[in-house]
Amino acid sequence: MHGPSSEWKKDNAISLKVIIGKWFFILYAIVYAGFILINVASPKFMSIDIGSLNMAIIYGFGLILFAILLAFAYNHISTHAESVMNQEQEDDMKTERKDGDEA
Amino acid sequence: MNYQASPWAIVIFAMIVAAVLGISFHFSKKSKSASSYMAAGGQIHWSVNGIAFAGDYLSAASFLGICGMIALSGYDGFLYSIGYLAGWIVALFVIAEPMKRMGKYTFTDAIDQKFQSKGIQFWAAISTLLVSMFYLIPQMVGAGALVTPLLGLPYWVGVVMVGVIVIVIVTLAGMTSTTYVQFLKGTMLIVFSLVLVFLVMSRGIMKAPDQGGEKPYHKFITLEATDTAAGSVKIKDTTYTVVKDFLDGKGLHFVKLSKDGVESVWKINDETKQLTETQVISVSKDGTTLYNGLPKEAGAFYSVGNMSEIIEDGVPVEKTKTLDPFSFIETIKNGTVIRWAKTMVSDETGKMTIYHQLPTSGRDVVSPGLKYKVDASKGATTMQRLDFISLMLALFCGTAALPHILIRYYTVPNAASARKSTIVAIAVIGLFYVLTLYMGLGAMVNGVIDLTNDNMSAPLLAKSFGIFIFAIISALAFATVLGTVSGLIIAASGAVSHDLMDRYAGRNMSDKTKIRATRIAAIVIGGIAILLGLLFEGMNVSYLVGWAFAIAASANLPAIIMILFWKRTTKEGVIAGIIVGLILSLGLILLSQETFDNVYKLVNVKAPVPINNPAIISVPLSFLSLVFVSLFTQKKKQPSLEKTNG
């Protein structure tokens with residue numbers, strides 16, 4: 001048997017993070033699949049001018065930027081969830097300890 | 001092309017190598033336990049780990065391969081950038097935190113955590129080794145390609161040099177030194193890529209790019225013919241003598257001419273009766289190689305890449321003013337770019353590799369379709385379009401299944417750090433991939449492409465701005481290879497010592513023995529990497545990395561995903577998924593047309609497998625076999641997978 005490379009506290013925010021992670025993943029996968037399908041089904045669409053660039057460049061840069069934005073959003077939500085949900089756990093533990101001391 | 005080393009290049013190269021080795025010696029005293037050697041003790045800060053992720057991931061394929069492919073094929077090379085970055089979404093949202101919770105040192109640890117199965121230990125370790133080996137090949141090829149222009153040394157010296165330095169880095173301090181080498185390299189790569197793109201924008205674009213006045217662009221000329229009928233070609237310029245005309249395998253018409261005793265090859269346009277100059281490398285039966293009819297030392301084989309038509313503010317111009325990121329792409333889009341195509345011809349005297357001009361609309365350059373045929377109206381077949389989908393699938397699914405990337409999750413203290421370091425990696429890697437488009441297109445229009453080695457496009461673009469920036473960029477590219485190869489050798493040697501020897505063979509090794517075994521494995525794997533690097537000389541490194549992604553996506557990802565999200569997964573199912581993924585992806589690659597052409601060097605031989613990227617077949621079948629075998633091997637007492645994330 002082997003254990004993890006380092007120890008950590010119990011994380012109450014896991015379920016929430018998994019749900020958000022799944023939805024963000026599905027959202028990005030749809031946008032990425034759309035890029036592939038447009039390339040295959042309607043490649044001329046990718047040559048349409050959009051300002052000084054074209055759809056291919058905008059969509060390509062967009063996919064990169066969208067990944068970065070989703071990553072920051074996911075981290076923001078996850079960090080907030082960890083601080084709130086794990087704080088509740090710490091508060092409960094403190095209360096239990098206090099009750100025990102008083103008893 | 002002929003390359004000469006400069007003192008600056010040698011000094012900067014020596015400084016970077018000294019810094020890398022200094023880091024390794026510094027940390028060697030701190031790597032006494034297996035945990036510190038194989039996972040840096042799990043104590044790396046997430047911000048450092050994030051940049052190190054970028055340093056690990058932005059390999060020779062990203063820097064040399066993608067830029068080279070964009071320089072030759074425009075937007076289609078950028079598809080790799082998009083796919084490589086998208087793969088990090090799978091890593092962040094699906095893999096990062098569970099991976100950190102489940103494993104200790106290796107990828108095998110994580111997928112075997114619930115089952116403790118010898119079969120999984122064996123096959124996951126084999127998969128790690130194979131993926132790492134396939135990923136090592138392009139890194140070594142990139143290293144060999146770099147030392148010639150950088151230090152004026154032959155290809156094989158670069159391959160051996162990288163192998164030896166990396167063996168020193170890895171055997172001295174394992175993951176700790178590797179992490180800081182990757183951190184250093186990741187930071188420098190971003191900074192100097194930004195500098196290079198800034199210089200490209202500042203210079204603007206010109207029809208006859210003269211590399212800042214340093215090197216006049218060779219003007220490829222056109223001759224007029226009076227007759228272009230096969231077998232009776234006649235030209236107006238009587239200083240040339242017609243030797244013979246011939247067709248290539250695609251039916252293109254060429255003619256060999258002679259002038260002043262030097263032979264040259266010209267492409268015939270039968271409609272306009274014009275002959276355009278080509279560049280040709282001919283290898284005669286006695287082994288003599290000539291470049292444009294002369295020995296290599298004569299320097300008659302020219303670097304290429306220019307625009308034949310530039311429109312600025314609606315007016316044709318010879319040269320633009322300084323451009324910004326939008327007007328740079330707009331200028332290329334509205335003009336005409338001279339690209340170069342390659343064809344090979346054999347006759348009774350030997351073999352000829354002919355590079356001929358291909359004027360291409362800028363609109364096509366900045367749209368998909370020049371390399372990967374996707375447009376049915378331009379003759380793309382269903383199989384070619386499936387090949388494209390398959391490539392994009394492999395890139396998307398492969399990142400999160402690369403063993404050398406996955407082990408970096410064990411170097412941080414907790415799951416939140418794993419997540420945060422992935423986010424830093426996505427931001428840094430995303431920025432770099434945007435820059436690849438500008439570096440690649442910059443090379444395409446700045447007359448710096450070496451047709452015999454497109455991997456050198458980015459360093460040669462840097463060279464056009466002076467030897468100092470070239471020396472930095474090339475030494476950095478070399479460090480890029482060092483960082484990635486170190487990570488790969490750590491992953492592969494960990495698979496041998498920890499997965500195969502310690503756990504699978506049940507050697508129950510002490511920390512000291514395990515470190516010694518890992519070091520010996522690193523030396524052996526480094527030696528194999530050197531041999532593979534010598535064997536695959538000349539192939540586009542990004543293309544080769546595509547194979548590693550396909551194997552990782554087929555063999556590893558289905559196992560990871562199903563263990564995380566399907567409770568009925570069994571150990572037999574996992575083993576079946578890995579074996580099917582490995583055999584199918586490898587088999588399809590080895591029997592593909594690209595392998596027949598570029599690895600086996602079989603001229604005009606049709607390969608049995610009609611697609612070059614196997615993921616579209618091997619990934620679904622790996623998933624299916626895992627599900628199918630799992631359903632048939634459900635046991636009442638088998639521990640069902642608890643919700644791994646809970």
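Two strands pair if DSSP finds at least two bridges between them. Strands (E, at least two residues) and helices (H or I, at least four residues) are DSSP runs, numbered from the N terminus. This is a predicted model, in which local features need pLDDT of at least 70 and side-chain atom pairs count only at pLDDT 80 or more, while totals for chains, interfaces and linings use all residues. Residues are numbered from 1 along each chain as its sequence is written, chains are lettered from A and ligands numbered from 1 in the order in which they are written, and side-chain values use heavy atoms, with hydrogens and water left out.

Under these terms, β7(B) and strand β8 (residues 289–291) of chain B run antiparallel and are joined by three bridges. In this pair B:I281 stands opposite B:Y291. Four residues lie between the strands of the hairpin, and B:G287 has a positive phi near 95° there. Strand β7 (residues 279–284) of chain B also runs antiparallel to strand β12 (residues 350–361) of chain B, with six bridges; here B:V280 faces B:I354.

Strand β9 (residues 306–312) of chain B likewise has two partners to describe. With strand β10 (residues 315–317) of chain B, β9(B) forms three bridges in an antiparallel arrangement, and B:I310 stands opposite B:V317. The hairpin of β9(B) and β10(B) has two residues between the strands, and B:D313 takes a positive phi near 55°. Three bridges also join β9(B) to strand β11 (residues 336–347) of chain B, again antiparallel, with B:M307 opposite B:V337.

At the level of the whole chain, chain B contains 21 helices and twelve strands. Its radius of gyration is 26 Å, close to the 26 Å from the globule rule for 646 residues, so chain B is as compact as a globular protein of that length. The radius is taken over C-alpha atoms, and the rule is 2.2 Å times the number of residues to the power 0.38. Along the principal axes, the C-alpha atoms of chain B fill a box of roughly 90 × 55 × 55 Å.

Of the 646 residues in chain B, 62% are buried (under 20% relative accessible area, 1.4 Å probe, protein chains only). Among contacts (heavy atoms within 4.5 Å) between residues at least 6 apart in sequence, 75% join residues at least 24 apart.

Chain B carries 53 positive and 40 negative side chains, and the centres of the two sets lie 14 Å apart. Lys and Arg count as positive and Asp and Glu as negative, without His and the chain ends; each charge is placed at NZ of Lys, CZ of Arg, CG of Asp or CD of Glu.

Conventions. Buried means under 20% relative accessible area, exposed over 50%, partly exposed in between (1.4 Å probe, protein chains only).
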